[in-house]
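Hi everyone, thanks for making time for this. I'd like to walk you through one structure today, so please have a look at the screen.

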Amino acid sequence: MVNTAKNHVSVFRVLPIAPERTQIEIHVYQTPLQRDLYPIDLKALRKDVDRDMEEDFVICRFLQAGVRSRAYRVVALAEEHELGVGHFYKVIREYLDGTSP
């Protein structure tokens, strides 16, 4: 997953380890201009990321526990924050349907 912000780009590498366990690596990149304008305090960034990710992990733990259920399905995205996911699915759908430009 790739997240873009005005001060950096984060690339999330998601590594499935077992059905109930996943490892996530987060790589943060900045252009030279971003480094000059928005220097990153790594300790503060780590604290913010840990807080935000823990909110997601609570949900993920419940989802992973229920993945084996026949009733499991994804029903909604946090559209404001996951616009790229919706766009990705739209592009793939258009490509598979043969309607992409």
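Let's start with the lining of the second largest pocket: its residues divide into 8 nonpolar, no polar and 3 charged. Please keep in mind as I talk that this is a predicted model. The pocket holds about 270 Å³ of space. If you want to find that lining on the screen, look for Ile 24, Ile 26 and Val 28, then Leu 42, Leu 45, Arg 46, Val 49, Asp 50, Met 53, Glu 54 and Phe 57. Which elements give two or more residues to this lining? They are E3 and helix H2, which covers 42-66. H2 supplies the largest share, 8 residues. As for how one looks for such places, rolling a probe the size of a water molecule over the atoms shows where empty space is left.

Now let me step back to the whole chain. The protein has 3 helices and 3 strands, and along the sequence they follow the pattern β-β-β-α-α-α. Of the 101 residues, 6% are buried. If we take contacts between residues at least 6 apart in sequence, 26% of them join residues at least 24 apart.

On to the sheet. The 3 strands form an open sheet, in the order E1-E2-E3, with antiparallel pairing. At the edges sit strand E1, residues 2-4, and strand E3, residues 21-29, each of them pairing on one side only. From one strand to the next, the twist averages 20°. As a reminder for anyone who has been away from sheets for a while, strands pair through backbone hydrogen bonds, either parallel or antiparallel.

How many bridges join E2 and E3? There are 9, in the antiparallel sense, with E2 spanning residues 9-18. These two strands form a hairpin, with 2 residues between them. To get your bearings within the pair, find Val 14, which stands opposite Ile 24 in E3.

Is Gln 34 buried or exposed? Its relative accessible area is 14%, and because that is under the 20% cut-off, Gln 34 counts as buried. Setting aside neighbours within four places in sequence, Gln 34 is in contact with Ala 5, Lys 6, Asn 7 and His 8, and also with Tyr 29 and Pro 39.

Which residues does Gln 64 contact, once neighbours within four places are left out? They are Pro 19, Glu 20, Arg 21 and Thr 22. For Pro 19 we also have a distance: its C-alpha atom is 7.3 Å from that of Gln 64, although the two residues are 45 apart along the chain.

That's my tour, and I'm happy to go back to any part of it.

How values were computed. Residues are numbered from 1 along each chain as its sequence is written. This is a predicted model: local features need pLDDT of at least 70, side-chain atom pairs count only at pLDDT 80 or more; totals for chains, interfaces and linings use all residues. Side-chain values use heavy atoms; hydrogens and water are left out. Two strands pair if DSSP finds at least two bridges between them. Helices (H or I, at least four residues) and strands (E, at least two) are DSSP runs, numbered from the N terminus. Axes are lines fitted to C-alpha atoms, for helices over the stretch in contact, and angles run from 0 to 180 degrees between N-to-C directions. On a 1 Å grid over the protein atoms alone, a cavity is a set of points where a 1.4 Å probe fits but cannot get out, and a pocket is an open set with protein on both sides within 12 Å along at least five of seven lines; lining residues have an atom within 4 Å of a point. Grid points are joined across faces, edges and corners, and a volume is the space filled by probe spheres set on the points. Ala, Val, Leu, Ile, Met, Phe, Trp, Tyr, Cys and Pro count as nonpolar, Asp, Glu, Lys and Arg as charged, and the others, Gly among them, as polar. Buried means under 20% relative accessible area, exposed over 50%, partly exposed in between (1.4 Å probe, protein chains only). Contact means heavy atoms within 4.5 Å.
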